[in-house]
Amino acid sequence: MRTPLVTVILPAKDAGEYIGTTLETLTRQFEDPSSLKLVAIDDGSRDDTGALMRQYAERFPHAEVIRNPTARGLASARNQGLLHVESEAFCFLDGDDWMQPRRLKVLSSRLRALDADFLRTDHVRVTGQQRALVRAPHPWREEVLPPREAILPEHESTMVDYPYAWAGIFHRRVIDRGLAAFPEGLFTAEDRPWIWRLHLQARSFAVVDAPALLYRRGVATSLTQARDRRQLDFVRAMDEVIAMVEQDAEAERFTPKVVWTALALSSHHLVRARRMSPSVRTEMRAGIGRMLRRLPAGETAAVLARFDGPRRRVLARLLRQAGRSA
């Protein structure tokens with residue numbers, strides 16, 4: 001039996017309505033099913049997610065199904081999957097998304113040809129019956145570059161603002177260098193520190209074209225729809241990003257981007273907080289306030305000067321309390 005070319009890490013919780021489609025598309029990635037290893041993690045599901053995983057695992061010569069009796073969260077479940085990667089390349093897939101045929105064949109071939117640490121791709125956003133192409137925010141295709149050269153400018157969308165773990169493929173050496181793992185225990189925003197670590201510490205990457213990954217939006221069980229305290233994890237995630245950049249040799253260069261991202265995410269979540277319970281709102285505001293006090297005053301003022309009025313107004317009280325001018 002041949003060694004698999006790609007390991008697919010597929011964590012899911014209560015995804016029974018969609019995961020059959022997800023798994024079926026994996027059977028169409030290679031002519032030889034032994035080219036793919038499936039590592040499926042049933043993260044505390046209460047529906048038939050685990051049963052469907054086990055059913056499809058029988059169709060692959062290389063497959064493992066891991067069951068967590070209680071949910072550990074997406075970050076921890078992905079980390080479990082990383083321990084079972086045997087191939088040269090690996091990727092992530094969520095239980096409500098799916099791939100066009102031969103996507104992984106194309107990506108694994110391009111990864112070998114370009115000899116990059118990781119590749120990133122566009123994706124298709126699916127909302128009900130509507131589909132929209134979302135392009136990776138990088139101007140060059142098929143060109144291998146140091147990942148840190150895709151972090152700036154701070155006031156535009158760049159590759160660290162495109163944190164989707166499933167939008168690409170990764171070489172095994174990313175695991176060996178300790179760059180692939182997600183912060184344990186985060187239920188949301190787990191991809192923010194992850195993408196920053198990749199772009200600061202990996203050696204090479206490229207954006208390439210490939211058959212599409214289709215990302216399903218508006219799913220009721222998705223944590224992007226949640227309004228509970230799990231949404232507060234973005235504060236911890238950004239704290240990790242801030243600390244990471246502070247320790248980088250080019251901290252001065254990248255600090256404006258971190259400040260911009262922290263303020264933009266904070267204003268976004270403060271607007272969402274209006275639909276949360278009072279206790280969660282209070283906890284969120286306290287967490288954001290602590291984070292804002294970590295940011296350098298000069299950079300904060302410079303970023304705010306470029307923000308539109310609505311975002312400044314949302315942040316105004318917390319910035320005053322943190323000793324930063326709005």
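Mentor: Buried means under 20% relative accessible area, exposed means over 50%, and partly exposed lies in between (1.4 Å probe, protein chains only). We are looking at a predicted model, where local features need pLDDT of at least 70, side-chain atom pairs count only at pLDDT 80 or more, and totals for chains, interfaces and linings use all residues. Residues are numbered from 1 along each chain as its sequence is written, and side-chain values use heavy atoms, leaving out hydrogens and water.

Trainee: Why does Lys37 count as buried?

Mentor: Its relative accessibility is 2%, so Lys37 counts as buried. Lys37 is found in strand β2 (residues 36-43); strands are DSSP runs of E, at least two residues, and helices are runs of H or I, at least four, numbered from the N terminus.

Trainee: What is Lys37 in contact with, leaving aside its neighbours within four places in sequence?

Mentor: Its partners include Val6, His62, Glu64 and Glu86, where contact means heavy atoms within 4.5 Å.

Trainee: What makes α8 oblique to α10?

Mentor: Helix α8 (residues 251-272) and helix α10 (residues 297-304) pack at about 60°, with axes 9 Å apart. That angle makes α8 oblique to α10, since under 35 degrees is roughly parallel, over 145 roughly antiparallel, 65 to 115 roughly perpendicular and the rest oblique. Among the residues making the contact are Trp260 of α8 and Val303 of α10.

Trainee: How do you know that the span of α8 agrees with what its 22 residues should give?

Mentor: The expected span is 1.5 Å times one less than the number of residues. For α8 that should be 32 Å, and its end C-alpha atoms are 31 Å apart, which agrees.

Trainee: And why is α8 called mostly covered?

Mentor: In α8, 17 of its 22 residues are buried.

Conventions:
Axes are lines fitted to C-alpha atoms, for helices over the stretch in contact, and angles run from 0 to 180 degrees between N-to-C directions.
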